[in-house]
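Good morning, and thank you for coming.

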Amino acid sequence: MRKKVTVVGAGNVGATLVQRIAETELADVVMVDVMEGVPQGKGLDLMQSGPVLGYDSKITGTNRYDETAGSDIIVITAGLARKPGMSRDDLLAANGDIVHTVAKETGRHSPGAFMIVVTNPMDVMAYVAMKACGFPKERVVGMGGVLDSARFRTFIAMELGVSIENTHAFVLGGHGDTMVPLPRYSSVAGIPITELMSADTINKLIERTRNGGAEIVALLKTGSAYYAPAAAALEMVEAVLLDKKKILPCSAYLDGEYGVKGMFSGVPVKLGAKGVEQVVEIKLNPDEKAAFMRSVDAVRQGCAKFM
Ligand code: NAD
């Protein structure tokens, strides 16, 4: 039987993710949105790309949650996106209500699913979603680190003029201004970037990574990035559906790991068929640990409004 993925939010990130899932034939997809006609129209449009591109994935656009029943994965992209001058936290109250409703409804119809939260401020929204759907901690994560790492990798490859295939990068902490890119664990063909670039250059790339989302918001003016966010979510969907046991930076519920209890933050996790199969703990030096804790505190402040 084919796998089933529900994507809530048929906007820029949601619809692009549906397109990528369909093109890779990973699963059939149900796309839900509150806008009448939008998911249905985009769904039909994507179905009609199938004959040209050669995919058989079935795409259903709907405004109803009963059609999502029995999903293997639920991806939440519903909510407002940033406009120029807005931080991710400005979205907190409005998106909190939306994510609460969406997680509760989708969770009720697919109680065995794995949930990926994309809506910003993502780490706080992952917390809201987990409380609303009641899933165990292994089955709710937030997407942020894969995107932040991809941005860091892009800038490393651009700076050194090397293939992105040679690059590897790690970004820990919350998906926000306090994210913690880790140069020590970032490499090109296995060589730490600290051996290949000056500290000044690395700091510039880190700053650009931190502002990676805002840089695109400022250019687009009417919305935020969606091609790379959709690609990042796809990598997580694939890791679970294909039981790849891939180590990816995801926002996971920490239950003592890294000295943090009861909070979501970006850490390396092993993603497989069971969801978060392991939170991988890496040694942080005192500066990295302090930056990570600052980031966790920022997420904790956001979550306080929903406790
Ligand atoms: P968008 O405005 O293009 O799409 C959002 C969609 O959500 C709209 O179609 C809207 O109708 C729908 N929606 C609103 N309320 C809903 C509800 N109650 N139920 C179902 N659908 C509802 O925005 P986008 O660019 O796709 O971004 C979506 C979210 O993802 C934003 O919060 C954005 O900040 C976030 N985002 C996160 C990351 C990340 O790395 N975690 C990256 C990019 C975007």
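Let me start with a definition: a residue is called buried when its relative accessible area is under 20%, exposed when that area is over 50%, and partly exposed in between, using a 1.4 Å probe and protein chains only. The model is predicted, so to speak: local features need pLDDT of at least 70, side-chain atom pairs count only at pLDDT 80 or more, and totals for chains, interfaces and linings use all residues. Residues are numbered from 1 along each chain as its sequence is written, and side-chain values use heavy atoms, with hydrogens and water left out.

I turn to helix H10, residues 286–304. Helices are DSSP runs of H or I with at least four residues, strands are runs of E with at least two, and both are numbered from the N terminus. The buried residues of H10 are Glu288, Ala291, Phe292, Ser295, Val296, Val299, Gly302 and Cys303. These residues lie on the same side of H10, because they cover an arc of only 140° around the axis; the arc is taken from the directions from the helix axis to the C-beta atoms. An α-helix has 3.6 residues a turn, so residues three or four places apart point the same way. On the other side of H10, Pro286, Asp287, Arg294 and Gln301 are exposed.

Next, the pockets. On a 1 Å grid over the protein atoms alone, a pocket is an open set of points where a 1.4 Å probe fits, with protein on both sides within 12 Å along at least five of seven lines; its lining residues have an atom within 4 Å of a point. Grid points are joined across faces, edges and corners, and a volume is the space filled by probe spheres set on the points.

The largest pocket has a volume of about 820 Å³. Of its 38 lining residues, Thr77, Ala78, Gly79, Leu80 and Ala81 are the closest to its centre. Helix H1 (12–24) is among the helices that supply at least two lining residues, and H1 gives the most, with 3 residues.

The second largest pocket has a volume of about 590 Å³. Its lining holds 26 residues, and the closest to the centre are Val146, Ser149, Ala150, Arg151 and Arg153. Which helix provides the largest share of this lining? That is H6, with 8 residues.

Finally, Asn203 lies in helix H7, residues 199–210. Asn203 is partly exposed, with a relative accessible area of 46%.

Conventions
The expected span of a helix is 1.5 Å times one less than its number of residues.
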